[in-house]
Amino acid sequence: HSRHSRHSRHSKLLFLIILLFSIPSGLFSQKILTLKECYDKAMSVNALAGEKEAYNSISMIKDKNLSKGWLPSLDANASANYISDVVDFSKVMSSIPGVGSLLTPMPHDQYKVTLDINQVIYDGGAIRSGRALEKAELLINEKQTETDLYKLRAQINSYYFNVMLLNRQKELLKNYLNLIQKRITSLHSAVANGVILKSDVDVLTSEKIKLEQQITENELRKASLLKILADLTGAQIDTATEFVLPEQPGELTGELKRPELQLYDLHKEQLNAGLQLSQSKRMPKAFGFATLRYGNPPGQDFFNDTFDTYYIVGGGIKWNIFDWNRVKNEKTVIALQQGILENRKKDLEDNLTRQLESKSAEISSLKALIETDSELIGLRKRITSSAESQYDNGTITATEFLNEMNSEHQSEINYEIHKINLAMARVEYMNISGKEIQ
């Protein structure tokens, strides 16, 4: 019975071990949400994200219609006419014996049903230019959507890094609260023994309550930011989600790759495509045609007063040799529009460059602060340690001692704020320049 009991316990233990290893490791790991993932998720769930697919569909339909310009056109027509005065050869030939009576006048009523077929042989590049213009419009629409979605990054940066600040602040507040609670506990026995006054405990207790209030406020602010970030990204985010600093590039260059700048370039390409389409208007056009007809009289046989079929085939060339400078004027307008685009692009580049210079100065300032933060924290710790000895010896009050502790605590908070703000400034530099983060 004892051996059976031990065997049963061993079996249960083995089963638990197997179950433990069969559970996905992800259940034991904290969910990590990177800033890059926030960008990608926000751009995929935003209402504008579906525009790209819609623009593609629109462009495909338009391009299909343009390419059908090479297909023959078919037109059906029908007409019935009555002509009051027609040629009567019988009267003209009446002087010739026997001839006038053989001729009949042309019929006053004429009927015909036709099927006209026209085929473009050479269009001077109009269809090709039209398709290029449509392609340019598609690229512009897609880039405009990308530009609008790019603006989401600034919002996400604000919420993401503020959550990180709140997380770090909460850690420091809890650490400081633990120190205060331990100090209060140690003072209670001193009060009971009459070594210190109860007012000293009250000073620390008020600080404890203030810290608890700050932690509560921190949690409420974080919950609000997480809700907004979840709405922006469509991600499942909760208080257990871990936020991490993005990888920082070694060197930040001022090269500009913003989608707005690319949009100006695409507009210029669109104008060039429009120019090609305009120039195609002056090119010669070659075409062929065929007409299948059924009518009375059939064709030019006016002496045949019966319904019959006939056909006409042929071809032609059309060339607008003089257009009163319309194309030349259109080229002038396009050149002026391209100049406007160049000026606007240059203005945007100058504005972005100024933003990068300002952000670069902010990065340098934060780096300088971080370099002195570590030294300041070490100094504040030594001051707090000295104040603690002075308080224990009764040379300073509890309030004075608490002020030194607060100064040390604030220096640690400032250090964390500067580190996160530096990471945020570098990310903002990347976004201003239009480069992707990792």
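This note goes through a predicted model point by point, from the whole chain down to single residues.

1. Overall make-up. The protein chain holds 10 helices and 6 strands. Of its 438 residues, 31% count as buried. Take the contacts between residues at least 6 apart in sequence: 83% of them join residues at least 24 apart.

2. H9 and H10. How do these two helices run relative to each other? Their axes cross at roughly 160° and come within 8 Å. An angle over 145 degrees counts as roughly antiparallel, and H9 and H10 are therefore roughly antiparallel to each other. The crossing of H9 past H10 is left-handed. Sorted by class, the residues in the contact of H9 with H10 are 19 nonpolar, 10 polar and 13 charged.

3. H8 and H9. Helix H8 covers residues 259-280 and helix H9 covers residues 326-392. The two pack at an angle of about 175°, and their axes are 10 Å apart. That angle makes H8 roughly antiparallel to H9. The contact of H8 with H9 is made up of 9 nonpolar, 7 polar and 9 charged residues.

4. H7 and H10. Here the angle is about 30°, between helix H7 (residues 198-233) and helix H10 (residues 398-433), with the axes 9 Å apart. Because angles under 35 degrees count as roughly parallel, H7 is described as roughly parallel to H10. H7 passes H10 in a right-handed crossing. On the H7 side the contact is made by Asp 200, Val 203, Leu 204 and Glu 207. On the H10 side it is made by Ala 398, Thr 399, Leu 402 and Asn 406. By class, this contact has 4 nonpolar, 2 polar and 2 charged residues.

5. The length of H10. Does the length of H10 agree or disagree with what its residue count predicts? H10 has 36 residues, which at 1.5 Å a residue should span 52 Å. The C-alpha atoms at its ends are 52 Å apart, so the two values agree. After H10 comes Gly 434, which has a positive phi, near 90°.

6. Leu 166. This residue is placed in helix H6 (residues 152-192). Its relative accessible area is 3%, so Leu 166 is buried; the cut-off for buried is under 20%. Which residues does Leu 166 touch, not counting those up to four places away in sequence? They are Asn 218, Arg 221, Lys 222 and Leu 225. For one of these, Asn 218, the separation from Leu 166 is 52 residues in sequence but 6.3 Å in space, C-alpha to C-alpha.

7. Ile 209. Ile 209 is in helix H7. It has 42% relative accessibility and therefore counts as partly exposed. Ile 209 and Leu 177 are 32 residues apart in sequence, and their C-alpha atoms are 9.1 Å apart in space.

8. Thr 241. The loop between H7 and strand S4 (242-243) contains Thr 241. Is Thr 241 buried or exposed? Its relative accessible area is 4%, so Thr 241 is buried. Leaving aside neighbours within four places in sequence, Thr 241 is in contact with Lys 31, Leu 33 and Gln 236.

9. Trp 324 and Asn 325. Most residues other than glycine have a negative phi. Trp 324 is not a glycine, yet its phi is positive, about 60°. Asn 325, also a residue other than glycine, has a positive phi near 65°. Where do they sit? Trp 324 lies in the loop between strand S6 (308-318) and H9, and Asn 325 is found in the loop between S6 and H9. With a relative accessible area of 62%, Trp 324 is exposed. Asn 325, at 39% relative accessibility, counts as partly exposed. A student checking backbone angles in this model could start with Trp 324 and Asn 325.

Methods: Residues numbered from 1 in each chain as written. Predicted model: local features only at pLDDT ≥ 70, side-chain atom pairs only at ≥ 80, totals over all residues. Heavy atoms only, no water. Axes fitted to C-alpha atoms, helices over the stretch in contact; angles between N-to-C directions. Helix = DSSP H or I, 4+ residues; strand = E, 2+ residues; numbered from the N terminus. Parallel < 35°, antiparallel > 145°, perpendicular 65-115°, else oblique. Left-handed = near helix turned anticlockwise from the far one by under 90°. Contact = heavy atoms within 4.5 Å. Nonpolar A, V, L, I, M, F, W, Y, C, P; charged D, E, K, R; others polar. Expected span 1.5 Å × (residues − 1). Buried < 20%, exposed > 50% of the residue type's maximum accessible area, 1.4 Å probe, protein only.
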